[in-house]
Amino acid sequence: MSDQGSLYRRLLAWLLLPLLVLGTLMLVLAYLDARRTADRAFDRLLEAATLAIAEQVQWQNERLWLDLPPAALEMLATSAEERVFYALVDGDGHFITGNARLPGDPRGDSEAVDTLHYRNVEWRDLALRQGVRRTRLEDWSLRERFEVRVAHTREGRRALTLTLFRGNLAYIAAMAGLAVIVVLLAVRSALAPLTRLRRAIRARDPRTLAPLELPLPRELAELRETLNELLARMRRVRANQERFIGDASHQLRTPLAGLSARAELALRQDDPRTWHDALRAMQSTSASTARLAVQLLSLTRLNNPEATPELQPLDLNEIARTATRSALSVCHRDGIDIGVETTDRPIMIDGIDWQLEEALSNLIDNARRYGAGRITVRVLDAPASLEVEDDGPGIPAEQRLMVLRPFYRGRDGVEGSGLGLAIVDGIARTHRARLLLNDARDGKGLRVTLRFLGDRR
């Protein structure tokens, strides 16, 4: 669980982060709701206070007069020790009485009477909540307008807001804790099948490639089936490897047994000429065995994708000339005419030089061993291709797929291992090229072409 970038951590992050954002939003909304509730409660107290004061306003001695009841202001004096202010102002804006000259209603004289206006004001460095009631005396002979202005500091509002918020906070914290526990249990439960799959894979014998049989959810069942497909491919690869190893051991055992028999027979003879003949035969057998071992190593390297180096820009003309020079002495010794035909300009591809030289070497060697008298190595353009053409017996059309299999020989009695064309086919796949086997241009012999599909211009 402590692995960096683990699936468990990612799931927790994707689930808990939205919960954190949602919880933060809920806290903000809870605070705003608590503040609105506190404001509504205190605004109603302001309304009651202004109404109580307005009801005590009378007309005496040609002027407004107020006998303020203590209860009118005590209702705004909470345990938070707020400061309460009031003022009575006539219709012309003249201060009549009160304990503070509070600012008036900013709406002007055009507003109707019997209305109440709330606002937040800054007065003498105090943050106040003010209620202004505009009304008038209702008498059959007098309709004098006046304003009752009441304001108080905000300590009580803040205290009530915090009290309400703490109550909501307890519920939100309980819900958040429950949500986190549910998320943890859900993630652990969701990953339990993956844990079972991991344990099942770890508990398997590393030598077995049997398919996995484990009940899993649909998403992991797809992973199980993919693993089973991989195991099936590995079984086929292992079967091919075992068959290849068996064929290779048989191919190596035969010449080695011949070497041993030839040496044992020579040791029983006293004639130096017999020894010379035995040594010549042993040298020929050891040379063919060494070539077989080299071809086996080449085929093994081609079948190992991890051992394949990166493709580099190459000129096919240089590859053809190098392979032809390497085979020139052997062909000259056997009386074979070998030549190379190249283009006037470089033919560039992305490839591996030693593999392409190995492919041409195998094609030239096959043509030499199967009785060719003339071999031509050719470089073609549009598309880029390497071609080896000979005038030998060729390969019948019905056998041209069979000869690509390891250890298959088109004709018996010919010296060779049957690996040459299999190696060429593997090199063609490595270079994303097509291997084509056709009759020679004059109808006699074989023409083998490596046609590269991704040539560079």
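Reply: Nine bridges join β5 to strand β6 (residues 126-136), and the two run antiparallel. Strands here are DSSP runs of E with at least two residues, helices are runs of H or I with at least four, and both are numbered from the N terminus. Two strands pair if DSSP finds at least two bridges between them.

The model is predicted, so local features need pLDDT of at least 70 and side-chain atom pairs count only at pLDDT 80 or more, while totals for chains, interfaces and linings use all residues. Residues are numbered from 1 along each chain as its sequence is written, and side-chain values use heavy atoms, with hydrogens and water left out.

Now the whole sheet. It is open and has five strands, in the order β4-β3-β7-β6-β5, with antiparallel pairing. β4 (95-98) and β5 stand at the edges. Each has a single partner strand, so one side of each is left without a neighbour in the sheet. From one strand to the next, the twist averages 20 degrees. Such angles run from 0 to 180 degrees between N-to-C directions, and the axes are lines fitted to C-alpha atoms, for helices over the stretch in contact.

Ala87 has Gly98 in β4 as its bridge partner. The hairpin of β3 and β4 has four residues between the strands. In this hairpin, Gly93 takes a positive phi near 90 degrees.

A helix comes next. α1 lies across β3, β5, β6 and β7 (145-153). It runs at about 140 degrees to β7. Contact means heavy atoms within 4.5 Å.

Rings of Phe, Tyr and Trp (its six-membered ring) pair if their centres lie within 6.5 Å; planes under 30 degrees apart count as stacked, over 60 as edge-to-face and the rest as tilted. By this rule there are two aromatic pairs. Tyr31 and Phe165 have ring centres 5.7 Å apart and planes at 85 degrees, so this pair is edge-to-face. The pair links distant parts of the chain: Tyr31 is in helix α1 (residues 7-55) and Phe165 in helix α3 (residues 155-203), 134 residues apart. Tyr31 is partly exposed, at 33% relative accessibility. Phe165 is buried, at 17%. Buried means under 20% relative accessible area, exposed over 50%, and partly exposed in between (1.4 Å probe, protein chains only).

Phe85 and Trp123 form an aromatic pair that is edge-to-face as well, 5.3 Å centre to centre and with 65 degrees between the planes. This pair links Phe85 in strand β3 (residues 84-90) to Trp123 in strand β5 (residues 115-123), 38 residues apart. Both Phe85 and Trp123 are buried.

The helices also carry record entries. UniProt, in an unreviewed entry, places the feature "transmembrane region" at residues 12-32 and 169-191. Its positions are given in the numbering used here, feature names are shortened, and annotations may be inferred rather than shown by experiment. Residues 12-32 are 100% helix and 0% strand, with end C-alpha atoms 30 Å apart. Residues 169-191 are also 100% helix and 0% strand, and their end C-alpha atoms are 32 Å apart.

Last, the wider setting. The protein chain has eight helices and 14 strands. Buried residues make up 36% of its 457 residues.
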